[in-house]
Amino acid sequence: MFNIARNELHRLFLSPLAWVMLALTQLLLAYLFLTHIDYFSSIQARISAIPGAPGVTEMVAMPLLSNAAIILLLITPLLTMRTIAEERRNETLPLLASAPLSMTQIVLGKYLGNLTFFLLIALLTMLMPLSLSLGTHLDWYQLSAGMLGLVLLIASFTAIGLYMSSLTRQPTIAAVSTFALLFLLWIIDWAGSSAADFSVLSWLSLLSHFEPMTRGQINTQDLSFYLIVIATFILLTIRRLDRERLD
């Protein structure tokens with residue numbers, strides 16, 4: 001399993017697309033980070049006298065993590081699209097399936113390889129708000145909660161991308177379908193026309209479980225939701241490939 005994860009990560013690092021996405025993501029996030037700092041600096045004198053005024057964590061760090069979540073939603077389909085679809089297109093999937101490994105090990109290996117790359121992006125992103133601790137006070141609990149939310153969001157994105165890649169032999173189709181599903185799960189709570197509809201759709205929304213964490217709120221409902229999403233799509237991928245192996 002770990003050999004597959006290492007090979008998958010190696011494949012990503014050999015891909016020019018992955019390097020371009022990594023560079024563009026960090027460049028864009030660095031620009032947004034500096035923009036948030038500049039805005040906070042411009043209003044700091046005016047809000048400093050207000051009791052309970054938002055600090056640098058709320059005004060700089062949390063918006064940056066929210067920006068990172070949106071950018072990762074956009075790039076995840078591009079980087080996960082080849083995970084299984086390209087194996088099927090190149091007709092190497094039967095060879096991989098014939099290896100002395102269970103399909104669970106194969107899928108988890110590919111998942112961990114992709115997830116490691118995305119966590120690298122998250123780590124580089126998190127270094128930006130962490131650097132603020134050198135010159136100011138941070139709300140470490142809120143920052144930790146936001147970082148946890150971003151990691152769980154990334155893990156969910158990756159699991160969904162892996163599953164969509166297992167459904168087709170065309171990476172482009174996998175990318176488009178992954179983006180469509182991620183976008184739907186991001187905005188699904190907007191469609192609620194009644195309180196009951198909103199409650200159900202809000203529970204299905206990736207965004208509605210991420211936002212409380214950016215406010216420093218960690219609850220079991222949000223954690224359970226992300227773990228369910230991750231487990232569900234990994235199990236669906238395993239079942240899909242197991243059925244294909246038997247056929």
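Where does T83 lie? In this predicted model, T83 sits in the loop between α3 (56-80) and α4 (85-89). Its relative accessibility is 1%, so T83 counts as buried. A polar atom of the T83 side chain lies 2.8 Å from the backbone oxygen of T80. Neighbours within four places in sequence can be set aside. T83 is then in contact with E8, R11, K110, N114, L162 and S165.

Aromatic rings were examined next. The count comes to 8 aromatic pairs. One of them joins F13 and F117, with ring centres 5.5 Å apart. The planes of F13 and F117 meet at 70 degrees; the cut-off for edge-to-face is over 60, so this pair is edge-to-face. F13 belongs to helix α1 (residues 2-14) and F117 to helix α6 (residues 103-131). The pair therefore ties together parts that are 104 residues apart in sequence. F117 is buried, at 2% relative accessibility. F13, at 29%, counts as partly exposed.

A second pair is formed by F179 and F183. Their rings are stacked, with 5.8 Å from centre to centre and 15 degrees between the planes. Both residues lie in helix α8 (residues 171-187). F179 and F183 are 4 residues apart, about one turn of the helix. F179 has a relative accessible area of 32%, so it is partly exposed. F183 also counts as partly exposed, at 39% relative accessibility.

Some aromatic residues group together. F13 and F117 form one aromatic cluster with W19 and F118.

Definitions and conventions: Residues numbered from 1 in each chain as written. Predicted model: local features only at pLDDT ≥ 70, side-chain atom pairs only at ≥ 80, totals over all residues. Heavy atoms only, no water. Helix = DSSP H or I, 4+ residues; strand = E, 2+ residues; numbered from the N terminus. Buried < 20%, exposed > 50% of the residue type's maximum accessible area, 1.4 Å probe, protein only. Polar contact = N/O pair within 3.5 Å; in protein donor to acceptor, adjacent residues only side chain to side chain. Contact = heavy atoms within 4.5 Å. Phe/Tyr/Trp six-rings, centres within 6.5 Å; stacked < 30°, edge-to-face > 60°.
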